[in-house]
Amino acid sequence: MSAQDLVARAQKWATEQPWRLYGSQISILVRNELRRNLFTRRRIGIYLLAWVPVLIILTHVIFDRNQPAGPAQIETDTQVLAGIVQLYYFRLGIFFACMAIFTWLFRGEMVERTLHYQFLVPVRREVLVVGKFLAGSVVAIVLFETAVLACFYVMYSRFGSTGKSYVFGGPGLGQLGSYLLVTALACIGYGAVFLALSLLFKNPIVPGVVIMGWETIAAIFPDWAQMLTVTFYLKHLCPVSLPLSGPLAIFTIVAEPVPPFVAVLGLLLLSITILALSCFLIHRMEITYTAE
Amino acid sequence: MAVYKRRYNPYGGTLTPQWSRFFVLTRYAFAELFKSRFFVILLILSLVPILFFAGYIFVANNKTVQLLMQMRSAGLFSVENEYFIMIMVAQTQVAFLLNCWVGPVLIAGDLTNGALPLFLSRPFSRADYVLGKLAALGLLLSAVTWIPGLLLFSLQAGLARNGWIWSHMWMVVPIIFCSAIWILMLSLISLAVSASVKLRIVATGVIFISFFIPAGLGEMYNSIMGSYWGRLLNFTEMFRLILAKGFRERTGLLGPLSRNEIPVPAAWGVLILVCVLSVVILNARLKAREVVRG
């Protein structure tokens, strides 16, 4: 079969699909998932994961309110904020929150013995995967974007007019934009990984921690291997470089710089590939409630 | 004999001595664990590093092998306290992974299926119940930490000359005690999580989170507040601090030596506090009744 035939078949397939129907099904799924999962008692741990840094910064603001708030202090606090976002949020907070949110999308339904309702409705399984993924992404992104925004606001609000000019007249606003973009991408990237893991393993937590180890040590591997990690793309988008030394330096090593748009596209491509794999895996899925 | 002629007869056989009744639970827990093929593979894999450590000790004490490998150089192969620290660090991490797999199911199953009242209606106290489950984890984690550690120590003592064993006998104490506090802490955290969270998938996640997230928060606290006490939340680092002190390590193998170091008694205090908190949670959760809401 020639390439032209393949393209023609792909085009025919694309025109035959009821995209409008898929779109409405996905939007209903997203709404349902959000209603069921956004504000529940089970999510308290995830809210804490996102908001504890804000509380610590708030404590810092209250205790150190009498300290001189000059440009040197702004520089120090910028580094601290970069450390919080790059070391805590990317490596721990978003990672574990995505682990909790995205593995629960299907495993949770399995545990609560409600997955068969989803499988019995006339919705393609791929649509189910995409809908649940989008719902999980919305939850994670909303939660962590607001947390990062709050961290940024609390960190610079204590500097008064100096802080205002740093944010609106200096590099502050650009840094905030980068942090928000990177946070959203981290949620999408980790989300896709954990969704696939939850479809691949009965208990995806242990493989998830293996992924965490891989994300940590991948910096010492060749470029092509690093491209299979989420943090590889995030590191290139971080606006402030951390002066880390010792073993912690492994978190910030960038072997070969990549342009920001390539990093964004690369991460989105990786996420879409993993999501496509999830769509393939969902077809193999069988409901065995007794084994849970 | 016809059924209607049967009457109730109390058990007339020999009773298990009271002091060892907890071991019945341990025995059944092990039987259940070894049914899982994945667990057996995990256990075998967790003992593989020991073979490499033993191989190193053999090479370090065999000049012929060193000559054959053309690696004869003074100080290249040395089996001193740093080497045993490496063994301990590697094996305690292996123990952590093993614990994460085994721990979440130990109590959760009994709670989910309402089996706890059945256990506690027998001459069997709550302490016996916890001890039985703790012994299952303790024995399992011992098999990958201090027992291989002592075996490697014995191997080195047997192969080395010039009275190595007598000059290094003190290392037996840190091998046992450091492993013991780590095993106790891991086991109690797992049991507390298992008693609080009934779903295995969630329990495994909570155990991981309880080690990684406090460490991250502690580091964050340090950088924001300009302190170093946040490291108290990093249980792994506290354990390494105890390990370094126990093995008289002064070369900075387990991290740079600085003046801003957490005192070792504080490190012990944190690990013991975690154990006490876990016991409090177990005490609250393990009741011979369950309130069903709804």
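This is a predicted model: local features need pLDDT of at least 70, side-chain atom pairs count only at pLDDT 80 or more; totals for chains, interfaces and linings use all residues.
On the α9(B) side, the contact involves B:Pro174, B:Phe177, B:Cys178, B:Ile181, B:Trp182 and B:Met185. Their partners in α11(B) are B:Phe235, B:Phe239, B:Ile242, B:Leu243 and B:Gly246. Sorted by class, the residues of this contact comprise ten nonpolar and one polar, with no charged residue.

Helix α9 of chain B spans residues 172-196, and helix α11 of chain B spans residues 235-246. Their axes come within 10 Å and cross at roughly 165°. Because angles over 145 degrees count as roughly antiparallel, α9(B) is roughly antiparallel to α11(B). The crossing of these two helices is right-handed.

Chain A was described at the level of the whole chain. The C-alpha atoms of chain A fill a box of roughly 65 × 50 × 35 Å along the principal axes. For 292 residues, a compact globule would have a radius of gyration near 19 Å, and the 21 Å of chain A agrees with this expectation. Of the 292 residues in chain A, 35% are buried. Among contacts in chain A with a separation of 6 or more, 83% link residues 24 or more positions apart.

Definitions and conventions: Residues are numbered from 1 along each chain as its sequence is written. Chains are lettered from A and ligands numbered from 1 in the order in which they are written. The radius of gyration is taken over C-alpha atoms; the globule rule is 2.2 Å times the number of residues to the power 0.38. A residue is buried if 20 or more other C-beta atoms lie within 10 Å of its own, exposed if 12 or fewer, and partly exposed in between; C-beta atoms are placed from the backbone. Two residues are in contact if their C-beta atoms, placed from the backbone, lie within 7 Å. Axes are lines fitted to C-alpha atoms, for helices over the stretch in contact, and angles run from 0 to 180 degrees between N-to-C directions. Helices (H or I, at least four residues) and strands (E, at least two) are DSSP runs, numbered from the N terminus. Angles under 35 degrees count as roughly parallel, over 145 as roughly antiparallel, 65 to 115 as roughly perpendicular and the rest as oblique. A crossing is left-handed if the near helix is turned anticlockwise from the far one by less than a right angle, and right-handed if clockwise. Ala, Val, Leu, Ile, Met, Phe, Trp, Tyr, Cys and Pro count as nonpolar, Asp, Glu, Lys and Arg as charged, and the others, Gly among them, as polar.
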